Amino acid sequence: MKIYTRKGDKGTTGVFGGKREFKNSARIECIGTLDEVNSTIGLMRTKLGNEHEWQPNLHRIQKDMMNMMSHLARPSGSKKENPNPEPKDGADFCEVWMDEMEANISSPSDYFLLPGGNEISALCHVCRTQMRRGERQLVTLMQEDPECVHDYIMSYVNRLSDLFFTMARAEMDKHGVAEEKWNLFLYKRKKKVVKD
């Protein structure tokens, strides 16, 4: 079977159920951004090496993202059911992993940081910012097709950006790389003013 179909040559692509949408629609922009994140995670996994402790969780996230993208590709009016799993526990999974990492980081998360540090940390920040863009596009899709964007997808995507921030910090802490701090988080600044 050939990889090309020529069906998209006029700027449309197929969605779940057989309909076609323009390639710059809110749905396709959203799915495309999540696909970018998934590819960046794949790059990170190759750089981590097969035995790295993050591999199983990142593998799970990649599969969950494929499943979420398939559900986002199904317009709410579609009569065809999507048989792919729904990772409804994704946000909880992220929170547990973040709590585990935070418990082992030598300093609290009080500052906005300049992205960088080392290669893995920088890739985590790329994933974080791509995920935030995906979240913004999810909101646009949610406004157009509310029933398509399930609550668990919004929660999972929101939590994933926090997760990649935590991963960046954990990676730098593990290798003794100093964080380049910008400003205290706003709520921390307010507390500091009150104390002073």
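Helix axes are lines fitted to C-alpha atoms over the stretch in contact, and the angle between two axes runs from 0 to 180 degrees between N-to-C directions. The structure described here is a predicted model.

In this model, the axes of helix H3 (90-104) and helix H5 (residues 151-174) come within 9 Å and cross at roughly 20°. Angles under 35 degrees count as roughly parallel, and H3 and H5 are therefore roughly parallel to each other. The crossing of H3 past H5 is left-handed. On the H3 side, the contact is made by Gly90, Ala91, Phe93, Cys94, Glu95, Trp97, Met98, Met101, Glu102 and Asn104. On the H5 side, Ser155, Tyr156, Arg159, Leu160, Asp162, Leu163, Thr166, Met167, Arg169, Ala170 and Asp173 take part. By class, the contact of H3 with H5 has 11 nonpolar, 4 polar and 6 charged residues.

H5 also packs against helix H2 (residues 55-72), at an angle of about 150° and with the axes 12 Å apart. This angle makes H2 roughly antiparallel to H5. H2 passes H5 in a left-handed crossing. From H2, the residues Leu58, Arg60, Ile61, Asp64, Met68, His71 and Leu72 meet Tyr152, Ile153, Tyr156, Leu160, Leu163, Phe164 and Met167 of H5. The contact of H2 with H5 has 11 nonpolar, 1 polar and 2 charged residues.

A further contact of H2 is with helix H1 (residues 26-48); the two axes come within 10 Å and cross at roughly 165°. A left-handed crossing is found for H1 past H2. H1 contributes Arg27, Cys30, Ile31, Leu34, Asp35, Val37, Asn38, Ile41, Gly42, Met44, Arg45 and Leu48, and H2 contributes Gln55, Leu58, His59, Ile61, Gln62, Met65, Met66, Met69 and Leu72. In the contact of H1 with H2, 13 residues are nonpolar, 5 polar and 3 charged. Leu58, Ile61 and Leu72 of H2 are listed both in the contact with H1 and in the contact with H5.

The largest pocket has a volume of about 240 Å³. The residues lining this pocket are His52, Glu53, Trp54, Trp97, Glu100, Met101, Asn104, Ile105, Ala170, Glu171, Asp173 and Lys174. H3 and H5 are the elements that give two or more residues to the lining. By class, the lining has 5 nonpolar, 2 polar and 5 charged residues. Trp97, Met101, Asn104, Ala170 and Asp173 are among the lining residues and also belong to the contact between H3 and H5.

Conventions:
Residues are numbered from 1 along each chain as its sequence is written. This is a predicted model: local features need pLDDT of at least 70, side-chain atom pairs count only at pLDDT 80 or more; totals for chains, interfaces and linings use all residues. Side-chain values use heavy atoms; hydrogens and water are left out. Helices (H or I, at least four residues) and strands (E, at least two) are DSSP runs, numbered from the N terminus. Angles under 35 degrees count as roughly parallel, over 145 as roughly antiparallel, 65 to 115 as roughly perpendicular and the rest as oblique. A crossing is left-handed if the near helix is turned anticlockwise from the far one by less than a right angle, and right-handed if clockwise. Contact means heavy atoms within 4.5 Å. Ala, Val, Leu, Ile, Met, Phe, Trp, Tyr, Cys and Pro count as nonpolar, Asp, Glu, Lys and Arg as charged, and the others, Gly among them, as polar. On a 1 Å grid over the protein atoms alone, a cavity is a set of points where a 1.4 Å probe fits but cannot get out, and a pocket is an open set with protein on both sides within 12 Å along at least five of seven lines; lining residues have an atom within 4 Å of a point. Grid points are joined across faces, edges and corners, and a volume is the space filled by probe spheres set on the points.
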